[in-house]
Structures are given as structure tokens and as C-alpha cells.
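Hi everyone, thanks for making time today. Let me put the structure up, and then we'll walk through it together.

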Amino acid sequence: MIKKVVLGGGCFWGMQDLIRKQPGVAKTQVGYAGGSVKAPTYENHEGHAESVEIEYDSEKTTFKDLLDFFFQIHDPTTLNRQGNDVGTSYRSVIFYNDDNEKKEAENFIDIVNQSGRWENNVVTRLEPLEKFYLAEDYHQDYLQKYPNGYTCHFIRFGSYL
């Protein structure tokens with residue numbers, strides 16, 4: 001069964017490039033979520049987070065597995081910042097689809113905090129997914145088009161599970 005989740009953890013280019021390679025991930029698209037601007041663009045997306053919409057096969061991977069990888073590839077303890085990117089567009093955020101996902105995300109944040117891997121506590125926000133807006137075409141698959149392009153994402157740790 002194909003399901004979707006939207007995650008934000010800094011610049012969407014690097015996140016998409018790493019997440020697309022995970023087992024069970026069928027499709028990824030970058031875009032904007034969590035703001036009030038209608039029809040956001042790269043130049044005008046105030047309040048939105050740069051995000052990745054992930055379609056995954058729930059028979060091959062789980063929401064929890066995706067959260068595990070998400071917390072391996074970005075710093076969830078820096079408020080509104082990843083690498084050189086600063087501002088609410090680059091916040092760490094999980095856009096949940098229902099109460100079950102929200103609870104699972106809360107539990108996973110507890111796991112990350114208890115792991116002792118980070119000096120500070122997780123600041124990842126949990127926000128209900130209202131709408132995901134697709135980013136402009138030139139942002140899609142950016143690091144496949146430009147393999148030496150900017151990214152601040154890399155695998156920092158192994159699994160939390």
C-alpha cells in the first residue's frame with residue numbers, strides 16, 4: 001500500500017537526494033508546507049518549510065523507519081537552521097497526517113532525545129499536514145541534475161532503533 005509523509009529538515013535538495021535511495025521509497029518530490037502563503041514559490045514562501053513529500057510502500061518500509069532515517073541525516077537540535085541555511089523555511093518539522101502518526105513522531109522524538117547523540121534536545125516541530133505545494137521544476141531532483149550542488153545533509157549516525 002502506497003502512503004505519503006512530508007518532512008522538512010533544511011534545504012530540500014539534500015534531503016530528497018538521500019531519502020529517495022531508501023528501501024521502500026517509491027517517489028519523492030520537493031516543495032513547501034506549513035505556511036499560509038497560497039501558491040508559494042521559492043521567492044515567496046514565508047511561513048512554509050522547504051519539505052520533501054515521500055511516497056512509500058508500507059509493505060517494504062514504515063513511517064517509523066522513515067523517521068529513523070530523517071533523524072540520521074539532519075541536526076534536529078538547531079532551531080530554524082541547517083548548515084548555512086537559516087530561517088523558518090529550514091526548520092525541522094514532521095507534517096503528520098493523523099493522530100497515530102503524531103503519536104509515533106512524539107515517541108520517536110523521545111527515542112532521539114534519550115539516545116544521548118545530541119548535546120541539546122530535539123526542536124523538531126510536529127504540524128498537521130494541511131497542504132503540500134510542489135516546488136518549481138528546477139528544484140526537483142536538483143542533486144541528480146547537479147551532483148556537486150549544495151547540500152548540508154549526510155548520514156550522521158546509524159539507526160536509533
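Which elements do the buried residues of α2 pack against? They pack against β1 (2-9), α1 (12-19), β2 (25-33), β3 (49-57), β6 (92-96) and α3 (99-115). Contact here means heavy atoms within 4.5 Å, and buried means under 20% relative accessible area with a 1.4 Å probe, protein chains only. Helices (H or I, at least four residues) and strands (E, at least two) are DSSP runs, numbered from the N terminus.

A quick word on the source: this is a predicted model, where local features need pLDDT of at least 70, side-chain atom pairs count only at pLDDT 80 or more, and totals for chains, interfaces and linings use all residues. Residues are numbered from 1 along each chain as its sequence is written, and side-chain values use heavy atoms, with hydrogens and water left out.

Back to α2: 9 of its 11 residues are buried, among them Phe 63, Leu 67 and Ile 73.

Now the sheet. It is open, with 6 strands in the order β7-β6-β1-β3-β2-β8 and mixed pairing; two strands pair if DSSP finds at least two bridges between them. β7 (125-128) and β8 (132-134) each have a single partner strand, so one side of each lacks a neighbour in the sheet. Further in, β1 and β6 run antiparallel, joined by 4 bridges, and Gly 9 stands opposite Ser 92 in β6.

One last thing to click on: Ile 19, Gln 22, Leu 66, Phe 69 and Phe 70 line the largest cavity. Of these lining residues, α2 gives 3, the most. A cavity is a set of points on a 1 Å grid over the protein atoms alone where a 1.4 Å probe fits but cannot get out, and lining residues have an atom within 4 Å of a point.

How values were computed:
On a 1 Å grid over the protein atoms alone, a cavity is a set of points where a 1.4 Å probe fits but cannot get out, and a pocket is an open set with protein on both sides within 12 Å along at least five of seven lines; lining residues have an atom within 4 Å of a point. Buried means under 20% relative accessible area, exposed over 50%, partly exposed in between (1.4 Å probe, protein chains only).
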